[in-house]
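User: I'd like to go through this protein with you, one question at a time. Can you keep the terms simple?

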Amino acid sequence: MMDQKDISVVFENRYGVEPSYIVRSPGRINIIGEHIDYNEGFVLPAAIDKSILVAIGRNDEYKVRLYSKEFDESYEVSLDDVAPSTVSWANYLLGVVAQFQARQAPLSGFNIAFDGDVPIGSGLSSSAALECATALALQTLFDTSFEKMELVQMAQKAEHSYAKVMCGIMDQFASVFGKKDHAIRLDCRSLSYEYVPFQLEGVDIVLLNSNVKHSLSSSAYNERRAQCEQGVAWVKEAYPAVQSLRDVDLSMLDECVKPKDGLVYRRCRYVVEEKERLLQACEHLEKGDLVALGQKMYATHDGLSKEYEVSCKELDFLVEQAKQYPDILGSRMMGGGFGGCTINLIRKEATERIISEIGKAYKEVIGWELTPYITQVEDGSSVVTQTERVN
Ligand code: ADP
Ligand code: MG
C-alpha cells in the first residue's frame, strides 16, 4: 500500500504547511454481478489494497486548490465558481465539492494534494476511490455529518454530473463500506447489504491488467444503460408495476422486447441472466464451492462478451487462456469493459507459473505487457492521519 507520509510531504512542499487530515479510499473488485448495479439487482464487490490518498487542509482565500501528484498538475478555482472543467481529473473532486455545496455544507477555502496506486482506467474504479476520498476529506475537514451512505450517493452524483458517466452505486459503495476479508452483497435497489466472508482457502484473487482502455468505454456505458431503460419501458407497457430490470424475467423479455428489437433484447437478457447467476454464485460462496463459483464467472464473461458486448479482444484472449488451466477456477472481465482487468481465482501453488505463462502468451499475441496484481481484500475509506486538533 502507498505510504501516507509521501502525500503529506507532497502537500507540505506545495502549500507550505502540513495537511490537517489524510484520507484513504480504496479501489474495488466485483466478484460477480457486472453491469447490474444500475439495473437495481444484487452485486458482490469488495474493497482492495490499492487506494487513493487525499491530503487536505484549509486556506483562508475561499479557494479550492487541487494538486495531482500523478499528473503533476494543479487546479485552482474560487468556491463561488465551482463548475465542470476541461481538466478531467479535477472534475472528480469538483463534482464532490458541488455536492457539498448543493447541501449547504459550510465550506471555506481548502487545499488538496492527492495520489493513488489504483491503476487508472483498469476497471478497479480509481474514479470512485478519488470521489470517495474527496468526500470523506471534506466531511472531516469541515466537520459535516452526512451518513456514510449519503457520502456514497454524493460521490456517485459527482461522477454523473461532472465526469458525465452515468455509473451505478456499486463502486462508491464498495470504496466506503469495504471490510477486510469480506465481500459485500449489496442490494442496489434498497441499498441494504450483508458482509460475506471472503477468505479463499488456497486460492489467490489475481487481477490481470490488459493495459488497454478503448476510447468508447464511457459512451458505450451510457448507451448500455439507455438500452436497459428502453427494454424496461417496453416491458412496462404490459406490466406497469415493473420499475427496472430487477423486476423482469426471461418470459417478459420474450413477450415484450424480443419482437421489438433484437439488440435491446440481447442486452436485457444478459442482465436478467446475470441477476440469477449472482444469486447462485452467493450460494456457492457460502458453501465454499469455489469451483462452481468459478464456472459462474466464466459464464458471466461469456454473457458480457457475446450478449452485452462490452468486452474486447484483449480481455477475451485472457479469459480464453485462463480456460486452459484447471488451476484457474474462474475468470472474467471486470468493470465497465473495453479494457482494464480480468479477475481470476487461481490455486495458490500455480499462481506464479500461470501468471508468467499467460503474460508471455499475451505479449506474443497482443503485443504488449500484462500487469498482474495478487489482490488482498481490505477495509473501506478511512481517515488515516489527523494533525488538526479536535476540541
Ligand atoms: P477507472 O475508474 O476504471 O479507474 P475512469 O476512467 O472511470 O477509470 O477514471 C479514471 C480517471 O480518474 C482518470 O482519468 C483521472 O481523471 C482520475 N484519476 C484516477 N486516479 C487518479 C490519480 N491517481 N491521479 C489523478 N487522477 C486520477
Ligand atoms: Mg471509473
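User: Let's start with Glu 76: is Glu 76 buried, exposed or partly exposed?
Analyst: First, a quick note: this is a predicted model, where local features need pLDDT of at least 70, side-chain atom pairs count only at pLDDT 80 or more, and totals for chains, interfaces and linings use all residues. Residues are numbered from 1 along each chain as its sequence is written, chains are lettered from A and ligands numbered from 1 in the order in which they are written, and side-chain values use heavy atoms, with hydrogens and water left out. Buried means under 20% relative accessible area and exposed means over 50%, with partly exposed in between (1.4 Å probe, protein chains only). Glu 76 has 44% relative accessibility, so the label is partly exposed.

User: Which residue forms a salt bridge with Lys 63?
Analyst: A salt bridge here is a side-chain nitrogen of Lys or Arg within 4 Å of a carboxyl oxygen of Asp or Glu. For Lys 63, the closest N and O atoms of the pair are 3.3 Å apart, and the partner is Glu 76.

User: How many residues apart in sequence are the parts that Lys 63 and Glu 76 tie together?
Analyst: Helices (H or I, at least four residues) and strands (E, at least two) are DSSP runs, numbered from the N terminus. Lys 63 sits in strand 4 (residues 63–68) and Glu 76 in strand 5 (residues 73–78), so the separation is 13 residues.

User: Which residues are linked with Lys 63 in a network of salt bridges?
Analyst: Side chains of opposite charge can pair when their charged atoms come close. Here the network links Lys 63 with Glu 61, Arg 65 and Glu 76.

User: Is Glu 307, the partner of Arg 269 in a salt bridge, buried or exposed?
Analyst: The closest N and O atoms of Arg 269 and Glu 307 are 2.5 Å apart. Arg 269 is in helix 8 and Glu 307 in the loop between helix 9 and helix 10 (313–323), so they tie together parts 38 residues apart in sequence. Arg 269 is partly exposed at 22%. Glu 307 has a relative accessible area of 10%, so Glu 307 is buried.

User: What about Glu 237 and Lys 260: what is the N to O distance in their salt bridge?
Analyst: Glu 237 belongs to helix 6 (residues 217–238), and Lys 260 to the loop between helix 7 (250–256) and helix 8. Glu 237 is exposed at 58%, while Lys 260 is partly exposed at 46%. Their side chains meet with an N to O distance of 3.4 Å.

User: How far apart are the C-alpha centres of domain 1 and domain 2?
Analyst: Domain bounds come from an automatic or database domain assignment. That assignment gives domain 1 (4–198 + 379–390) and domain 2 (203–375). Their C-alpha centres are separated by 26 Å.

User: What area is buried between domain 1 and domain 2?
Analyst: Buried area is the accessible area (1.4 Å probe) that two parts lose on being put together, summed over both. Carbon and sulfur atoms give 65% of it here, and the total is about 3,200 Å².

User: How many salt bridges does the rule find across the interface of domain 1 and domain 2?
Analyst: By this rule the overall count comes to 27 salt bridges. Across the interface of domain 1 and domain 2, the number is three.
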